Amino acid sequence: MTTIGTTMDQQSNTTNKPESTNAAKIQNSASGFKRWGRKGPFIRYGLPMISLTVFGALGLGHLLQGSKDIAKVKDDQEWEILETKKALSRTGPIEAYKPKNLSIEEELKALQQSVDINNYEYKKIPKPNEEFVTFI
């Protein structure tokens, strides 16, 4: 009878071995994962920080490239408008208007002639909370 009992115990041990080994592997790997932070803090703290920095820079570069493309398209459209304006001005209507070339000195002389700083009159400027009253 002892032989039968020992064989039954051996059979039950052999059927539970895979389950127990799987649980041991999972627990061992979980404890190994927990040890990463203690043994190598780079893996727990440094690697995520560096990856976040690198992927963030790549993402921002991608976004900025899109805005640069949009700005380039707008510049191209403005350039086309300027070119068509130049083409129209060669034929006539825009070139008909030519402003006078005035220098700063000429403008200053004209302003000095129109304003006389020696003859002036005192005028009271009303304050915002006062009513307008004329003084005689």
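pLDDT is the predictor's confidence in each residue, on a scale from 0 to 100. This structure is a predicted model, and its protein chain averages a pLDDT of 76, with 62% of the residues scoring at least 70. The protein chain holds three helices and zero strands. Of its 136 residues, 3% are buried.

**Fold and confidence**

- Read from the N terminus on, the elements of the protein chain follow the order α-α-α.
- Helix α1 covers residues 2–39 and has the lowest mean pLDDT among the elements, at 61.
- Helix α3, made up of residues 104–114, has the highest mean pLDDT, at 89.
- Helix α2 spans residues 41–91.

**Annotated segment**

- The UniProt record, an unreviewed entry, places the feature "transmembrane region" at residues 42–64.
- In the model, residues 42–64 are 100% helix and 0% strand.
- The end C-alpha atoms of this span are 31 Å apart.

**Surface**

- The accessible surface of the protein chain is about 13,700 Å².
- Carbon and sulfur atoms account for 63% of that surface.
- A nonpolar patch on the surface consists of Phe42, Ile43, Leu47, Ile50, Val54, Phe55 and Leu58.
- Together these patch residues have about 700 Å² of accessible area.
- One of the patch residues, Leu58, is found in helix α2.
- Leu58 has a relative accessible area of 57%, and it counts as exposed because the cut-off for that class is over 50%.

**Aromatic pair**

- The count of aromatic pairs comes to one.
- The pair is formed by Tyr120 and Tyr122, with 5.8 Å from centre to centre and 90° between the planes.
- The geometry is edge-to-face, because planes over 60 degrees apart are put in that class.
- The 5.8 Å between the centres of Tyr120 and Tyr122 meets the pairing rule, which asks for centres within 6.5 Å.
- Both partners are exposed: Tyr120 has a relative accessible area of 59%, and Tyr122 has one of 75%.

Notes: Residues are numbered from 1 along each chain as its sequence is written. This is a predicted model: local features need pLDDT of at least 70, side-chain atom pairs count only at pLDDT 80 or more; totals for chains, interfaces and linings use all residues. Side-chain values use heavy atoms; hydrogens and water are left out. UniProt positions are given in the numbering used here, feature names are shortened, and annotations may be inferred rather than shown by experiment. Helices (H or I, at least four residues) and strands (E, at least two) are DSSP runs, numbered from the N terminus. Rings of Phe, Tyr and Trp (its six-membered ring) pair if their centres lie within 6.5 Å; planes under 30 degrees apart count as stacked, over 60 as edge-to-face and the rest as tilted. Buried means under 20% relative accessible area, exposed over 50%, partly exposed in between (1.4 Å probe, protein chains only). Accessible areas come from the Shrake-Rupley method with a 1.4 Å probe; for residues, only the protein chains shown count as cover. Patches are made of residues with over 30% relative accessible area and no salt bridge: like charges are joined within 9 Å, nonpolar side chains (Val, Leu, Ile, Met, Phe, Trp, Tyr) within 5 Å. A salt bridge is a side-chain nitrogen of Lys or Arg within 4 Å of a carboxyl oxygen of Asp or Glu.
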